[in-house]
Amino acid sequence: MQGRCAVDTLTEFGFSSASSTLRVGSHVFLCTGSDEVYVYNYQDRQLKVVFIFPGPVRDLVLNEDKQTLYVACCSGVYGISFSSFPSRVQSLEASSTVPRVNVSPKQLVIREDGVLALLVINSVLLNLKRTKTSWLLTRYKIAEVSKFSGYETLGSFKVPLISDSDESGEMRPVLICVHSADSPSSSSLPSGHVSLEPVLFKLLFGIDASLAKSPVVFCGLPDGRLCFAAHRVPGSQLRVLHSLEQPVVFVGSPTGTRPEPVGCLVALGEQGKFVLVTSKRAGREGGGVRTAFTEVCVPGPVVCACLDSCCLYYSTGSDLLGLDLSLAFTEEAGLQKGAAAFPNVISLNVCKVVALTGHAKNAEGQVQLLGLSCRGQLRNISLPVGLQDGGSSHLPSSHVGRSIKDVLSAIGNVSRRASVLKASIKSRNQTLKKLNQVLNISFLLKAGADSGTLPIQCHATTSWITLLQKDSLNLKCILENGSCHILEQGWTLNITASSLCNSTNEESSSTHYSFPLQNVQPCEKLEISLPLATAEDSLLPCSVSFSLTFSLSDLLEEEAATPLPDGGLVSLPLNTLVVDCLHALRVVGPSKRNVASRPYDVTTADPIWALLKSRRGEEWNAGKHQHSMTIKVSSQLLRNVLKPPEGRSKGIPSNVCVTLLDWLLCEGHGGVKMQGDKMAIDSSVVHARAPNGHTIKLTAKEVIAEDGAVEKESLAIVELQVESCSLGAVCGMHHAVLRRIQNLLQRVPERPSSTIRMQNLRMREALQCAEKMLQQLRQSRVSCNFGEGMSTSKVTSCLLSVYEALRENENSLLII
């Protein structure tokens, strides 16, 4: 049979204990075997004070008449007056600073080591301890509250030790006081005191104790013996009544008013051995009355127990069980001494109880118990009504409807809690899954960065579009997920475009974009378009860097995300692209050979010319000044690397010049391609428009470079020339072409030895030209600093001529 209890957790003390002592008086007192005693106010549900003793606490007892708490410690017995409790009650939930009081040595009332159990009978304090040869029960006369020192010894009782009981000597014995039901003191008994019917009292403890109305001290020892001694009878000794042959956990008597089984004494052993001591008539006619000891076994082990009305409740640690004594030992049950099992055990479905005591009844008449769990939770346990009515499975009709309603309500509560728990587990699993994905992607990108091959990277294409009647360079970024992981919601792609030019407006030199990702599957691509620059901007060349970020604070709960560094933001850098002027070039076509140059107006589109004009202070006709630069590359080098085809369709011959122009304009350099101008380059002359709108001409021709110092020493080279009336356009194109040539040189095989002399000769010529230009620059600086009459316009003209000379044909280096 099973019962359902209502369990209310009053408070949680925060300690863990395998065994505890629980006493109920005006307050709830708890000791856990450590040096602390907790005093809890049951009505206000507040922890009042924590007493700290010099050593481990073994037992405690209340003297409610004198308002004193006696505590057995390692060094003796301490007495604490209730008046010493803190007057200000503090809540354990409201404040973490609960009053903690160190017990003073002045409060030591009995200096005696090894006290294991305490008992108060009127004005006498009894303590039980184990010596080397016996169990010793000593009595002390209690002094006034203000005179804790000098307690008078009234005598002692002892019983010899059993040779095989040494290993159980440290266990706490059970100590209670038994009164006869007809004695004056039996009307109101304090905690730890029980009463027996006069007949059974006389049979168990003798005629002297019965006539003297003497309380009897009853001991349950760890070796299994049940001993007693009359408290007021002169010459009384501590005698053995019975033995359970296992440590005694509980001794008591029912407190109910029913005729059965009131008038019995109950003892329970640690392994589940149960004995019931009753009075029984010897025969039907004139046989007299004798004592009967009935033993059975109940499911164990027994951790703690308490007895209330006609039911015994005990905990096995894993469950709380109930025994109905009124049905257990009837003649109909047929139980004899030594029975193997108890027939009427009821499971109350309350686990991990290590201390238990009877408390009170609520307004509906339900018996309520106080239990302490092994995790330090103080629980109020309301017993089911069916168990209190004798364990019958038939409830009164007035409780049937309410019980069914309670059961349905409990099912609903369990269902709701299960749904909440299931949702919580699912949410945590999703969180762990995403955290695992973040770690995997982080390790994958870290390994890819070390090896130089990122599994997740970006490339881009450029195209010109018209927005609000303005030409704008559009950058289409393509994110390729080459990993085996999904970039789910929570990931963000961050793009930062930074100009590589020296800009006076540093705030506008960098632009940041963020694009939340939703569900980028493996081997999928994500395209994102963003405006990069307009024709009036001078941002090229610019660097475009990519990174992935994940916010852990959005994934974790607020409490867990608070201590994370950097706000819980995980940033994983990807690759970086460089967009230069060649990527932004608009090809007009190789067939338009005589494209008229657009008049060059000095505007913010060309800051170099604007600077020169402001310095000279006069108008310049920019259209009459053509600027150019030349780069010379060995033809054999280009053939070895670019591998131009032998011929083209439509009868157009192929040569290395056309291949060079096609490679510069149509190949994707650094992960960036031009979009829109899809036609292949089939001419050695290309007309185009620079990003600032000015016309630009690219010419590639193959010539023979000869070494004048050595006869018949020549080398076939390709001269790439860029011409424009805009100096800014020429500079941007020069930078872009040089970047591509530098990348080309990394693919060049070993150079032939025949070109070494030609390379040295060209280097020598370049150095000589550089020395001349350096001399001009120094002369102009000295003249300007010392004011030798050179005007600002002349200095500017000198600097411009040197700048143009750096890009003249005869001064360019030969790349071999």
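Helix α10 (residues 656–666) is mostly covered, with 10 of its 11 residues buried; buried here means under 20% relative accessible area, exposed over 50%, and partly exposed in between, using a 1.4 Å probe and protein chains only. The buried residues include Trp663, Leu664, Leu665 and Asp662. Helices (H or I, at least four residues) and strands (E, at least two) are DSSP runs, numbered from the N terminus.

A quick word on where this comes from: it's a predicted model, in which local features need pLDDT of at least 70, side-chain atom pairs count only at pLDDT 80 or more, and totals for chains, interfaces and linings use all residues. Residues are numbered from 1 along each chain as its sequence is written, and side-chain values use heavy atoms, with hydrogens and water left out.

Now for the strands. Strand β15 (residues 174–180) is mostly covered too: seven of its seven residues are buried. Val174, Ile176, Val178 and Ser180 point one way, while Leu175, Cys177 and His179 point the other way. Two strands count as paired if DSSP finds at least two bridges between them. β15 pairs with strand β17 (residues 216–220) in the antiparallel sense over five bridges, and Ile176 stands opposite Phe218 there. With strand β16 (residues 193–196), β15 pairs in the parallel sense over four bridges; Val178 has Val194 as its bridge partner in β16.

Phe218 also turns up among the aromatics: ring pairs link Phe201, Phe205, Phe218 and Phe228 into a cluster. The structure holds eight aromatic pairs, where rings of Phe, Tyr and Trp (its six-membered ring) pair if their centres lie within 6.5 Å.

Elsewhere, four strands form an open sheet in the order β37-β32-β31-β42, with mixed pairing. Its edge strands are β37 (525–534) and β42 (672–674), each pairing on one side only. Strand β31 (residues 456–467) and β42 pair in the parallel sense over three bridges, and Thr461 stands opposite Lys673 in β42.

On to charges. There are 16 salt bridges, a salt bridge being a side-chain nitrogen of Lys or Arg within 4 Å of a carboxyl oxygen of Asp or Glu. Here are three of them:

| Pair | N to O distance |
|---|---|
| Arg45 and Asp8 | 2.7 Å |
| Glu480 and Lys525 | 3.5 Å |
| Asp580 and Arg740 | 2.6 Å |

Arg45 is partly exposed at 38% relative accessibility, and Asp8 is partly exposed at 31%. Glu480 is partly exposed at 25%, whereas Lys525 is exposed at 57%. Both Asp580 and Arg740 are buried. Salt bridges that share partners also join Glu245, Lys273 and Glu295 into one network.

Two more side chains are worth a look. Arg586 lies over the face of Trp464, 4.0 Å from the ring centre; a charge sits over a ring if NZ of Lys or CZ of Arg is within 6 Å of the ring centre and within 35 degrees of the ring normal. Asn692, in the loop between β43 (685–689) and β44 (695–706), is buried at 12% relative accessible area. The side chain of Asn692 makes a polar contact with the side chain of Ser726 at 3.2 Å.

Definitions and conventions:
Phe/Tyr/Trp six-rings, centres within 6.5 Å; stacked < 30°, edge-to-face > 60°. Polar contact = N/O pair within 3.5 Å; in protein donor to acceptor, adjacent residues only side chain to side chain.
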